[in-house]
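Student: I am new to this structure and would like to know what stands behind the words used for it. Could we go through them in turn?

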Amino acid sequence: MKAPTASITTASKHGLLRALSSWDIVVLVVPVLAISALLMTQAKFLWSKQHMQFFPLAYAAAVWFIYKEGKHDSFATGYRSVVSILASVSGIACAYAAILIQSSWLGNFAFDVLLFAWCLGRFANMSVLRVVGICSLLLVALPPPFDLDLSMIQWLQGVSTWVSTRLLDVLSINHVHNGNVIAIQAKSLFVEEACSGVDSQYALMAVAGVLLLVSNAGLFVSLATIITVPIWAILGNLLRINLIVLGIEFFEIDLSSGNPHTLLGMTTFALAAWAHWSSVQFLNWLQSYSVVPKKMPDSTFGKATADSPVVDSPRSSLTLVWWLAYFFTLLLIPIGLVFGLAIPRAKEPEITQKVRDMLPNQDDLPKQVLGFSFRDFQLTDREVNSIFGSHSRTWTYASNHGNHVFSLDLPFIGWHALWGCYERTGWQKMSRVLIQSDDLGAKLDSPYYEVRFQNDDGSYAILHFSLYDELGHPILEGDVNLKRSLYDRAERVLKEGLLRLGNESQSRFDKASFQIQLLSRSLSPPNDQMTKACREMFLRSRNLVVEESLPAFKEMLK
C-alpha cells in the first residue's frame, strides 16, 4: 500500500485527499473487511424482520446513485477534505467499538458513517447535501435504537385499526373493534403490523428517498414528501384492511393469508409508491408558482454539482490525524478477524421433532383440578421471531369463574414482557404485581407476575405468568443476576446497554428462556375467590410443566 504523502507542497497542488492515494483502502476497504462478520450478522438480523426486508434494495439504490454520479478523478479540497477525514476517523472509532463489544448494529452504523466520509472525500463533484441524501437511504435501513421501530409499528397499527373501523361503520358492515382486532361475522382479523413486509413504513421511506433523488427535488419538496410518508403508509394499509373485509363479506374471498394476501400487499404498496411519485410532481409544480426557489443550490436531494474552491485548512494537525487514522485502521483487520472468529455466533434455537416429542402433551396435565375442567388442547407454530414465541402448547379449561387458557410458549431471549403482547391485541393493563410469597406468607422459590386487564368489549382478564432460563431459574424484569457468575454480571452491565441500542438479539449475554402463563377471562372483575383459585391452578400446573419442559428445552439449545 502506498503511504500517504505528508508534503504540504503536494497537498497544496492536488488537494489533501488527492495526495493521500490510499484513501479508498484506508477509509472504506479495510474497515469494511474488518467488520464484515458483524455486517453479515446484521444482514441476517434485518432479514429476520419482515418490516426491514427491503434493505438490499435500499443499498442497491445508493450504490447506483454513487456509480452514476460520482466522478472518480474529483477529490475534495479545503475544509470539505477536513470534514471527510474527521468523519472517517469517527467511522473507524465506531468500527473499533463495534468489534470490541461485538455489536452488529454499531457495525452497521460505522459502515454508514464510513461510506459517507468516503463519498464526501472521493467525489467532489457531488454536493455535500447530495451525499447526505444518498447515504440517508442506508440510514433508513438501520433500525432506530431503543425499540423506536416497534413503537412506530404499534402506533401505525392503532391508527390503521381506528380508521378502518370508522370506514366499516360508513359501509354498514357489522363488526366488533377490540384493540387491534376487527371481528366480522366470518372471522376475526388481527391488524398485523402496519409496516410489515414489502408495504412497510421504512420501505415507503426508502422509496420516497429514491424518488426524490431521481427527480432532483428541492429541499422544501423533500421535507414535505418525507413528512407525508406515514400518511401514505396508513392509507395503503387502510386500503388493504378494508379490501380484505369486503372480499370476505361480499365475495367470500379470503385475502387475509397466503399468496392472495401477498399479492394484495404488493398492490397496495405499488399504489402508495405511485401516490408518492404523484405528490413529488405536484409539489414541484406547486413550488414553481411560489416564492420558494424550485431548486435549492445545495439541497439535500438536489442535482450533483461541482464544489467551488474553498480555502485550504491548516494541514499540520490534519496530517497527524490522518496518520493516526491510517495506523489504527490497519489494526482493524487482525482485531476484526480475531474477534469475529473467536467469539461464537448465537443461533436461533430450533424446535426439532425430538424436542416436540419431549415437550409436555395433552395428558401431562390433569383433566380435573381445583374445579377447573379440561376442554381442549392445541399446538401452535409461528414465525421464528414472533413476539408470542415460535411454538406454543395450550390447555383450555372452564370453571365457574370463566374460561382459562394455560400455555407453554418458547423460545425467547432473556426477559419477555408478556403483558405487552396482550396490550397489542387490545387489552388495557389495569395493574401488575410481582408475587413472591404464597397466601400463608411463605417465600416462593419461583416468583410470578399477576396482571389484570380490561377490554373494550366489557370483559376482564387476570394473567399469571413466569419466565425461566434453561437451568430452570426464574427471570424477572430488570434482573441482572440470573444466577450468573460475577464476570458474567459485569459483562452484562457494561455491554448490554450499548448492544440494546440496536434492537438486536442478546443471546450472547442473555440466556434463552421459555414462559408459562395462565390467562383467565370473565365478564366481571375478578374477585378474591377467583384470584385465589387461579393462583392455585397456575402454581400447580406450572410446577408440572416446568419439570417436563426443562429436558426438552436443554435439548433444543444443544
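Tutor: We can start with the surface. The accessible surface of the protein comes to about 26,600 Å², and 63% of that belongs to carbon and sulfur atoms. Such areas come from the Shrake-Rupley method with a 1.4 Å probe, and for residues only the protein chains shown count as cover. This is a predicted model, in which local features need pLDDT of at least 70 and side-chain atom pairs count only at pLDDT 80 or more, while totals for chains, interfaces and linings use all residues. Residues are numbered from 1 along each chain as its sequence is written, and side-chain values use heavy atoms, with hydrogens and water left out.

Student: Why is Phe123 called buried?

Tutor: Buried means under 20% relative accessible area, exposed over 50%, and partly exposed in between (1.4 Å probe, protein chains only). Phe123 has 1% relative accessibility, so Phe123 counts as buried. Phe123 is found in the loop between helix 7 (104–122) and helix 8 (128–140). Of the 558 residues of the protein, 49% count as buried.

Student: What makes a stretch a helix in the count for this protein?

Tutor: Helices (H or I, at least four residues) and strands (E, at least two) are DSSP runs, numbered from the N terminus. The protein has 18 helices and 11 strands.

Student: How do you know what span to expect of helix 7?

Tutor: The expected span of a helix is 1.5 Å times one less than its number of residues. Helix 7 has 19 residues, and its reach of 26 Å from first C-alpha to last is close to the expected 27 Å. Helix 10 (residues 201–215) has 15 residues and reaches 21 Å, close to the 21 Å expected.

Student: Which residues make the contact where helix 11 packs with helix 13?

Tutor: Helix 11 (residues 219–227) and helix 13 (residues 258–287) pack at an angle of about 145°, with their axes 10 Å apart. Axes are lines fitted to C-alpha atoms, for helices over the stretch in contact, and angles run from 0 to 180 degrees between N-to-C directions. Contact means heavy atoms within 4.5 Å. Phe220, Val221, Ala224 and Thr225 of helix 11 meet His276, Ser279, Val280, Leu283, Asn284 and Gln287 of helix 13.
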